[in-house]
2 protein chains.
Amino acid sequence: MENFEFHNPTKILFGKGQISNLKKEITAYGKRILLVYGGGSIKKIGLYDKVIRELEEIDAYIVELGGVEPNPRLTTVNKGINLIRDHQLDFILAVGGGSVLDCAKAIAAGVPYHGDLWDIVTNKAKAPSNSVPIGTIITIAGTGSEMNGNSVITNWETKTKAFFNSNHVLPRFSILDPELTLSVPREQTIYGSVDIMAHVFEQYFHASSNAPLQERIGEAILRSVIETAPKLVEDLNNYKYREIMLLNGTLALNGLTGMGVNPDWSTHLIEHAVSAVHDIPHGGGIAIIAPHWMEHVAAVRPEKVAQLGVRVFDLDPTGKTDAQLASEAIQCLREFWASIGAPTKLSQYGIDDKEIELMTERAMLADRIGNYVPLTHKDVKKILRNSL
Amino acid sequence: MENFEFHNPTKILFGKGQISNLKKEITAYGKRILLVYGGGSIKKIGLYDKVIRELEEIDAYIVELGGVEPNPRLTTVNKGINLIRDHQLDFILAVGGGSVLDCAKAIAAGVPYHGDLWDIVTNKAKAPSNSVPIGTIITIAGTGSEMNGNSVITNWETKTKAFFNSNHVLPRFSILDPELTLSVPREQTIYGSVDIMAHVFEQYFHASSNAPLQERIGEAILRSVIETAPKLVEDLNNYKYREIMLLNGTLALNGLTGMGVNPDWSTHLIEHAVSAVHDIPHGGGIAIIAPHWMEHVAAVRPEKVAQLGVRVFDLDPTGKTDAQLASEAIQCLREFWASIGAPTKLSQYGIDDKEIELMTERAMLADRIGNYVPLTHKDVKKILRNSL
């Protein structure tokens, strides 16, 4: 293992009706609130009204920032920063999916920062320690944004997607009510399941040694998704499946499986490049790219992919090489994702080879990306080409 | 799952040399420090001197409470409370194993409390929110006390052991340096391994439904212990095994596997009764009692014990009933603990049937104890008798 610090003080309130604790939690931070949400699904499910009622009971002053995009944009973040400054707000309540939460985090960091926010998003500057406190009500399982300090933001003008991580933007509390995820459509449910598994992969394929517990916990999350997702996509209104999937998503990216390891993250970098150029759903892009990335990895270092096959997909290792097991494991992963209805080719989103060079460039934040098997420009281009 | 809150803000600093961060961490809380430690092993390994040097560099005012017992006593806790009040100290630094940390937590809660501390330990009163802040340097893997709000205290006069849990006594930071555990003797290393597994069992055998992720994470920890402990007891000075075991211990009891489930804890209640009457090592008592407890459980509800056998001990379920699998699983557990040198009978500690009634009474905090299979007075007595 590498030396590490783990400090995740986000308070999780999990279960049916936890919104009744919103007032109590929020009053610890202030009553002048920026309410951040997305395209309006929270209005459809009645959550918006519930939140407003709760906030009115504590006489909160509410300013709204609605319409946050699925790949949240820098322009929207800047709008939020200005709203907080103009109205002298002291708390951000983010209600929605990962994009809404990511947007809220960038706003939180940007308010006390006097330079260009993009510097924080691209890690040229650090998020200030006096970032505006955030609370969240998550409405979709997947990103884990409810219990981490990650924020992914798109600069649509330059077609660049970047992300930062800071403990200063960790939510102070997050309300996780599986009921709020019951109406998530089939497609987004699939994307969420894929994203959860990909978050595990990014940390499972790490460049460190001696981390068997972290790997086994990763395998535990993967098995839990594999067991539940197929039942969930056939029965979207099932509370029990939703609650398992919500917890899967939170624990897949709250720092737990990343303790003491140097994670990979190249699949996410490649997907971010694709969705910055083409604005496709993140989970969809991941489902397409990850197996091709894993094939590249298996050709160089098959042993961990083989381990995944044996421990997660129950492959029988008798008489097989790591390369054989890895190949079978990738086949299992492809079949699993296909079985729940995930996309398999970028062409399904109308993406052809025209912008492969641009996407490759956008992915290459350095000469090599990723840590388990560092990828060159040529490697990334090949993975993208195979994904078309 | 049950609705739950999870809030664990303890900052973990894990790895070689993390003590160099002690100064930075501690100055956030104050420089008038109660230094709590045990029987002197921290002096043997040079840790005491290191800690003092670090504290001297920040001109700390240090008052010492050494000699905390392996089953820490109420009298010692009260001594610590008086030291803090008399010297107006503002921070507790606990350096040692779980007992030292547990003692520190009870002191922390007792200082601002104006009633009888035993009320807090026995859950008649709550730990105050202004409990004295604690930092820890852990020197043995096992109890998980470094990342939870649990404290087990013995009232030696009444031969009663009790425990409380409060977020207000969670360590603010915990330094986990596996090097500090290298000199833990074989016997305590075995006890620690047993205790870690038992912490998983207490939460794995829960009275809730629909918690597959929590169970799989529990299984991940169990497998990690089973894989590492036998190598560690044969190679006590091995850093890599020590670091795995240290993390196993922390994650086995930091709230993770207990999310949303109603845990059992009857094995611990029974062991606490035994060690309150006979002052034997906790891990040793657990190793003796747990298999007999599990036999009782398997006779009533064999399915989860069977699941343990299949998923953790790789039993082949083909053609077997849950009862058969459960019986084989218990046999595997016995063999595993025997293989690492854990005790198997209370008579090995010179305990005979004379005080069985007293121990049973001490264990019965209510008419029934435990949640997975609630135990009556008669059940506990039988389990104890079988453990002799």
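Predicted model: local features only at pLDDT ≥ 70, side-chain atom pairs only at ≥ 80, totals over all residues.
Residues are numbered from 1 along each chain as its sequence is written, chains are lettered from A and ligands numbered from 1 in the order in which they are written, and side-chain values use heavy atoms, with hydrogens and water left out.

Visitor: How many residues does chain B bring to the contact with chain A?
Guide: Contact here means heavy atoms within 4.5 Å. Chain A gives 39 residues, and the number from chain B is 39.

Visitor: Which element supplies the largest share of the side of chain B that touches chain A?
Guide: Between the two chains, 16 residue pairs are in polar contact, both at pLDDT 80 or more (a pair of N or O atoms within 3.5 Å; within protein, one must be able to donate a hydrogen and the other to accept it, and residues adjacent in sequence count only if both atoms are side-chain atoms). On chain B, β1 (4-6), β2 (11-14), α8 (212-233) and α9 (239-252) each supply at least two residues of the side that touches chain A; helices (H or I, at least four residues) and strands (E, at least two) are DSSP runs, numbered from the N terminus. The largest share, ten residues, comes from α8(B).

Visitor: Which residue of chain B forms a salt bridge with A:R216?
Guide: The rule, a side-chain nitrogen of Lys or Arg within 4 Å of a carboxyl oxygen of Asp or Glu, finds four salt bridges across the interface of chain B and chain A. In one of them the closest N and O atoms are 2.8 Å apart, and the partner of A:R216 is B:E227.

Visitor: Within chain A, how far apart are the centres of domain 1 and domain 2?
Guide: Chain A divides into domain 1 (11-181) and domain 2 (186-387), with bounds from an automatic or database domain assignment. Here 29 residues of domain 1 are in contact with 25 residues of domain 2. Taken over C-alpha atoms, the separation of their centres is 26 Å.

Visitor: And what is the salt-bridge partner of A:R73?
Guide: Domain 1 and domain 2 of chain A bury about 2300 Å² between them, and the rule finds one salt bridge across their interface. With its closest N and O atoms 3.4 Å apart, A:R73 forms a salt bridge with A:D279.

Note on methods:
Buried area = accessible area lost by both parts, 1.4 Å probe.
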